[in-house]
Amino acid sequence: MRTIDWVDGAIEMIDQTLLPDEVRVLRVDDLDVLIDAISRLVVRGAPALGVAGALGVAMIARAHRDPSEVGPLAARLRAARPTAVNLAWGVDRALAALPHGAEAVLAEALAIRDEDIAACREMGNLGADLVRELVPDGPITVMTICNTGGLATVERGTALGVVQTLFERGDLREALAAETRPLLQGARLTTWELAQMGAPYRLFVDSAGPSMLTRGLADVVLIGADRIAANGDTANKIGSYSLALGARRAGVPFIVVAPESTVDVATASGDEIEIEDRGTDEVVSVRGVRLAAEGTRAINPAFDVTPHDLITAVVTNRRVVRVGRGETMHDLPHSAADDTVAAAAAGSSGWKEN
Ligand code: MRU
């Protein structure tokens, strides 16, 4: 089953807020419903957000005969979550097809969906090859955080896609999944995917990660990304930076796996990446049950930035970039930013964000 798709004139997505207890598909044919679904993490994960953004523009374009109405609505969709560059990228790429009509916008959105499926396969192979190179002997224990599997993409995943490829090749000893407070993407979603895969896995509390690494309990850390700056600094789920520090201390390779649509060469370094703060409620309570004293206020950064010097390599669907050795994302032949710049240069979208 695809995490998100275009089915009979509307967007269908697995409602990830209900997992692992219930697999329910939400059908979306309204912009406000889509923005709400993105905000509540019904659909989440950077690549899936890129597809949601593009399909959302297709949905808007089909509902509005006057193309001048589409841009402002797409701008609302683009702003639904700020850190994952894929959302803005998907919206912009679909919008660039608008002068050719609503069906061209849909075709572009479906191309983004299909490219995501192919990219995950490519990342799986490249990533598994790199892990095998860095950990040459024996079965491999992988530590990961958040959910970077099929639920975060259309089908197969980025970092968890590499875990799947390692498993299929017979190279996986065990996957260790961080539970990923506060919304528990690791506990709820990654365990669900690993169980479906039939792969061996265990769950751990986030704060155990660094010391587990220094105790030698994992051979490699694999994470996804929400935005990779030109110098390789990587925004990803909160807790990634702690794992990178622990991995450096332990001498364990720390690898980022993300499609090129997550590379943002227009952002020079991690200092420029906006970090979403999701407010008090989801920290002081878990699934509606209050944990903290009444009236407690929380700081809730959803992401952190791992500096490039702590990252052994970034694996995209096209190549391996050793950012820890000073290579930059400019060394890639092509990036999401190139698409956006090219579209803007061609003036093809006829729309600019204010
Ligand atoms: O808040 P989320 O669940 O959307 O955060 C997701 C992550 O941080 C993922 O690691 C990232 O988007 C990469 S998904 C392949």
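Q: In this predicted model, contact means heavy atoms within 4.5 Å; what share of the contacts with a separation of 6 or more joins residues 24 or more positions apart?
A: Take the contacts in the chain whose partners have a separation of 6 or more. Those between residues 24 or more positions apart account for 74%.

Q: Which radius of gyration does the chain have, and why does it agree with a compact globule?
A: The chain has 354 residues, and a compact globule of that length would have a radius of gyration near 20 Å. The C-alpha trace spans about 60 × 50 × 35 Å along its principal axes. The chain's own value agrees with the globule figure, at 19 Å.

Q: How much of the chain is buried?
A: A residue counts as buried when its relative accessible area is under 20%. The accessible surface of the chain is about 14,200 Å², with 49% of it belonging to carbon and sulfur atoms. Of the 354 residues, the buried share is 56%.

Q: Why is helix 6 largely enclosed, and how many of its residues are buried?
A: Helix 6 covers residues 159–168. Its buried residues include Ala159, Leu160, Gln164 and Leu166. Among the elements that cover them are helix 5 (102–134), helix 7 (185–197) and strand 5 (172–178).

Definitions and conventions
Residues are numbered from 1 along each chain as its sequence is written. This is a predicted model: local features need pLDDT of at least 70, side-chain atom pairs count only at pLDDT 80 or more; totals for chains, interfaces and linings use all residues. Side-chain values use heavy atoms; hydrogens and water are left out. The radius of gyration is taken over C-alpha atoms; the globule rule is 2.2 Å times the number of residues to the power 0.38. Buried means under 20% relative accessible area, exposed over 50%, partly exposed in between (1.4 Å probe, protein chains only). Contact means heavy atoms within 4.5 Å. Accessible areas come from the Shrake-Rupley method with a 1.4 Å probe; for residues, only the protein chains shown count as cover. Helices (H or I, at least four residues) and strands (E, at least two) are DSSP runs, numbered from the N terminus.
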